[in-house]
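Me: I would like to learn how to read a few features from a structure. Please take them one at a time.

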Amino acid sequence: MPTSHTSAPPEPSVCPACSAGLTTDVRYPAWCPGCEWNLSPVVVPATDLSESQRQAAAREWEAQADRLALARQRAEQVYGAVAAGAGPREDRTWIAAMVMAAIVHLVTAGLLVGSVALQFVDSWPLRVAGWLGLAFAFFLRPRFAGIPDSGSVLRRTDAPALYALADRVAAAVGSRPVDMIRVTDEFNASFNRVGLRRRSVLTLGLPLWEPLGDGQRLALLAHELGHDVNGDHRSGWWLGSAITTLTQWWYVTEPAGREEHGGVLASLVEVVANLAMAGVNWLIGLLLGVLERLSSRSGQGAEYRADAIAARIASTSETERLLRTLLLSGSAATVRARLRSLSGVRRSSHSAGVAGFWASFTAELAAVPAHETERLLRLSVRELSSVDSTHPPTYLRIRMLGHRPVPAPALVVAPEEAAAIEAELAPLRLRIARELLA
Ligand SMILES: [Zn+2]
Ligand SMILES: [Zn+2]
């Protein structure tokens, strides 16, 4: 797709750092595979910064580099442990996380019991305090994730072929059949349990599902359903709700901004109260950080195990291709924006745009050149960018797959099965295309 930027400088075809020849594409940043020049295109800072602003920016930059180095070191530790054969049982960090979660739940339970006990005291101020405590305990209660809105949920009767495939994968993986499959407009997929009955929900984002081949879709299903059997404590109710409760505590104790009114004494009291609150808030933030770190360590191990399950079901090469596609979330957003602006320009052909959306979307993502995917992969090494903080960086996930390669898939999707699923998703495909182009 040719573009003409009269003001932009021409893309270099020779690396300014090592003089190697470069493959360039106007749609993507030019970079050098030899010396990694411009791997992460630098945003030129504003030139009119004051000296103190420049120093602050430099400090922020260094702090970020330190955080990345630490995150990388931690990710490589987990990688090392899992590569050496550590399973969920060897992963001791989750025990510490579970104990911390237990303390959080005990505090909530203590608040509840104490508040109830206060109702039997013969003093009305204490009884009032008890009522407040009860309200607070109710607010902090451990919660279950809510059941998704029915609009995005596919019923078994609406998509028998998709459910049948998911059931087949679940049986091969060793998990129970999934209760609900939802289809969303996100470039993502997930597995979780919701509500009191802990029903399982498999979420498939259509923008991720559509560009995948059958083998990669199988790998995606196996990875997500694998989360049910890979010892992922993070998705468990005990730990998840403790993190939610602690987060509520954090918000409640967040010191309010100072208001300018009242006398000297009033503002002095306010300052002291705010300081005390800030201390408590800081402590809760610290606990939350430790709990997040412990569970993210356990979560990263769980991701590697889910990838290994995907490789067993769909083969290593299909799983690796899936992981490479997952790197393209940024490209997917760009493609979507471009298709949206095109369909906006030609209002008359909007319905044609909707009808052809997925074909164009898939074609454009497939056309992302190999040197751009390679850049994103190397960027995941440098910046530890990953799908999110609970996932290990993609370069480590791909490297892990290489440790125990599985050449042949355990399951295969038959062409008629794939066609039936395609037909079942047709109404959603149209609806979601319309949403994405709106
Ligand atoms: Zn170079
Ligand atoms: Zn996962």
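Reply: Helices (H or I, at least four residues) and strands (E, at least two) are DSSP runs, numbered from the N terminus. S115 is found in helix α2, residues 93–118. This is a predicted model, in which local features need pLDDT of at least 70, side-chain atom pairs count only at pLDDT 80 or more, and totals for chains, interfaces and linings use all residues. Residues are numbered from 1 along each chain as its sequence is written, and side-chain values use heavy atoms, with hydrogens and water left out.

Me: Is S115 buried or exposed?

Reply: Buried means under 20% relative accessible area, exposed over 50%, and partly exposed in between (1.4 Å probe, protein chains only). S115 counts as buried because its relative accessibility is 4%.

Me: Which residues is S115 in contact with, leaving aside its neighbours within four places in sequence?

Reply: Contact means heavy atoms within 4.5 Å. With those neighbours left aside, S115 is in contact with G130, G133 and L134. Its side chain reaches the backbone nitrogen of L134 at 3.5 Å.

Me: Where is the place of W238?

Reply: W238 belongs to helix α7, residues 237–253. At 33% relative accessibility, W238 counts as partly exposed. W238 and A102 are 136 residues apart in sequence, with 7.8 Å between their C-alpha atoms.

Me: How many bridges join β2 to strand β4?

Reply: Two strands pair if DSSP finds at least two bridges between them. Strand β4 (residues 199–205) runs parallel to β2, and 5 bridges join them. I181 stands opposite L202 in β4.

Terms used: Chains lettered and ligands numbered in written order. Polar contact = N/O pair within 3.5 Å; in protein donor to acceptor, adjacent residues only side chain to side chain.
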